[in-house]
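Dear colleague,

I am passing on the structure we spoke about, and I would be grateful if you could look through it with the notes below at hand. The notes follow directly after the structure itself.

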Amino acid sequence: MPLPREIAGIKDLPSAFVIFGATGDLSRKKIFPALFVLFKAQLLPEKFKIIAAARTSHTRESFAQILKETIEVKDKSWNNFTQKIDYLSADIAENKNLQELSRLLEDFEEKSNVCIKRIFHMAVSPAIYQKALENLGRNGLHLGCTTHGSRARIVVEKPFGTDLKTSQEIHTKLTKYFDQDQIYRIDHYLGKETVQNIFAFRFGNELFEPVWNNHFIDHVQITQAEYRGIEKRGEFYDRTGALRDITQNHLLQLLTLITMEEPHKFEAKSILKKKLEIISSIKKLTPEDALTSTARGQYQGYLAEEKVTSNSQTETYALTKLTIENPRWQSVPFYLRTGKKLEGNVTSIIIQFKEKGHKIFENFWEKPLPNHITLQIQPNEGIGIRLVAKKPGLTTQLEPVDMEFCYKTSFDVPQPDAYERLLLDIVLGDQSLFLSQDIIEESWKVIDPIRQVWDSGKPKLSLYKPGSWGPKEAADLIEKDGRQWLAPLLTICKI
Ligand code: BG6
């Protein structure tokens with residue numbers, strides 16, 4: 001089958017992917033598996049090389065062995081794939097062995113007899129970003145194949161800093177060596193198929209836009225809940241917490257996609273412009289608001305996790321109620337919650353419509369039944385619409401029913417992992433699914449005031465039971481507004 005127009009040219013984009021932090025979790029669990037899938041699907045350039053760089057020393061073979069723990073290898077393409085990988089023991093933060101990296105890249109260029117696009121993926125702790133970027137530049141690695149003006153690309157991962165100030169510092173370092181069009185800032189949620197479908201749902205259908213506003217929508221709930229705890233990531237997580245780890249990026253991005261205006265064109269510049277507009281319109285919480293519009297918790301047993309400080313006040317659960325100051329969304333609350341070790345594993349967006357209580361039915365229900373739209377990002381990906389229907393029978397009885405679209409049943413194709421899409425776009429040079437610095441800064445402006453209040457010890461950090469739905473304060477907060485949590489009540493596409 002011919003490749004779709006937008007990816008057809010990939011074969012002719014000679015590239016070298018340099019992955020710093022190649023032995024880390026992100027590389028092993030996400031980046032390398034995605035590259036392998038792209039390789040098998042012949043969706044990588046003809047002239048392509050991966051340089052896996054990390055501090056530990058390895059041979060290509062011993063490194064490939066490590067990768068096998070996270071990659072399912074069934075066919076002989078694995079050997080061909082590993083031949084594309086060079087392992088380099090180097091320390092980017094300490095400027096060790098980067099000259100050797102330069103040599104490997106030049107060598108590849110010489111052998112390929114072509115100018116190669118250098119792609120540097122920083123899969124390292126964001127804490128060393130600044131040093132790493134400085135060393136990259138100091139060694140002239142960003143210059144790429146200067147004779148033909150092929151400009152390198154740099155890929156950075158969330159969280160971008162720990163607050164507005166540090167995100168600006170990273171940005172200053174990045175732009176010392178790279179221009180905007182060379183910088184790819186990943187929030188992997190934007191690569192998820194179901195997240196991309198929010199665009200199609202909103203702007204590809206005529207049905208929903210007319211009611212997508214404060215005249216019809218009562219409120220929106222965005223939930224990212226995980227069964228698992230922090231696993232082996234204590235060192236990173238204890239410094240970060242749920243608000244910075246998830247709310248600042250994944251949840252605010254979901255909020256943006258649900259609320260932004262339609263871009264003029266389906267391309268990076270227009271999309272980023274509309275995203276920036278909406279994210280700048282989120283009302284910043286005052287310290288008083290932060291006390292009444294947020295809740296935080298920590299799962300019982302967190303303090304016993306590896307590399308967590310013994311009296312840690314880090315939250316593993318965060319709830320934030322936000323509003324948007326523009327005519328379309330004025331006074332619609334958005335409840336954003338995220339937590340580890342919760343009862344359910346679900347990411348969803350639930351839009352609850354206003355129920356005006358149509359008079360003709362007032363004798364047929366105990367209380368009005370509002371419509372809902374559920375966009376289920378994972379698992380059991382799909383979209384559900386809750387309607388009211390007449391129950392079959394000789395009397396008039398109204399009951400809620402669900403209409404569902406489930407990816408699994410509607411499309412008989414596997415869903416690509418977010419990283420497959422994002423890495424492909426990086427090679428192609430398409431920035432539509434990546435973030436801009438403006439958007440990141442606006443996100444920190446929403447988060448920083450909350451963080452400051454939380455760091456002063458308020459509201460209280462409540463403990464919650466693993467396997468529950470988080471601290472009682474989170475339920476109290478929404479109930480005080482006369483509402484209730486709907487996920488997982490409205491979880492859809494159950495198998
Ligand atoms: C990452 C967070 O960005 O997203 C993790 O650092 C979290 O803490 C993960 O577990 C969740 O991603 P996904 O794709 O599994 O929902």
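Helices (H or I, at least four residues) and strands (E, at least two) are taken here as DSSP runs, numbered from the N terminus. Please keep in mind that this is a predicted model, in which local features need pLDDT of at least 70 and side-chain atom pairs count only at pLDDT 80 or more, while totals for chains, interfaces and linings use all residues. Residues are numbered from 1 along each chain as its sequence is written, and side-chain values use heavy atoms, with hydrogens and water left out.

Backbone first. Lysine 341, which lies in the loop between β10 (334-339) and β11, has a positive phi near 50° although this residue is not a glycine. Lysine 341 is partly exposed at a relative accessible area of 26%, where buried means under 20% relative accessible area, exposed over 50% and partly exposed in between (1.4 Å probe, protein chains only). Asparagine 97, in the loop between β3 (85-89) and α5 (98-112), is another residue other than glycine with a positive phi, of about 70°, and it counts as partly exposed at 38% relative accessibility. There are also cis peptide bonds: one joins glutamine 378 and proline 379, with omega about -15°, and another runs from lysine 458 to proline 459, with omega near -20°. Proline 379 is found in the loop between β12 (372-378) and β13 (382-390), whereas proline 459 sits in the loop between α14 (437-455) and β15 (461-464).

Threonine 347, in strand β11 (residues 346-353), is buried at 1% relative accessibility. Leaving aside neighbours within four places in sequence, its contacts (heavy atoms within 4.5 Å) include Tyr189 and Gln378.

Cysteine 406 lies in strand β14 (residues 398-406) and cysteine 493 in the segment after α15 (472-480), so the pair ties together parts that are 87 residues apart in sequence. The link is left-handed, with -95° about the S-S bond. Cysteine 406 is buried at 13%, as is cysteine 493 at 8%.

Finally, helix α13 (residues 418-428) is largely enclosed by the rest of the structure, because nine of its eleven residues are buried. Leu422, Leu423 and Leu424 are among them. Glycine 429, with a positive phi near 80°, follows α13.

With best regards

Technical notes
A disulfide is a pair of cysteine sulfur atoms within 2.5 Å.
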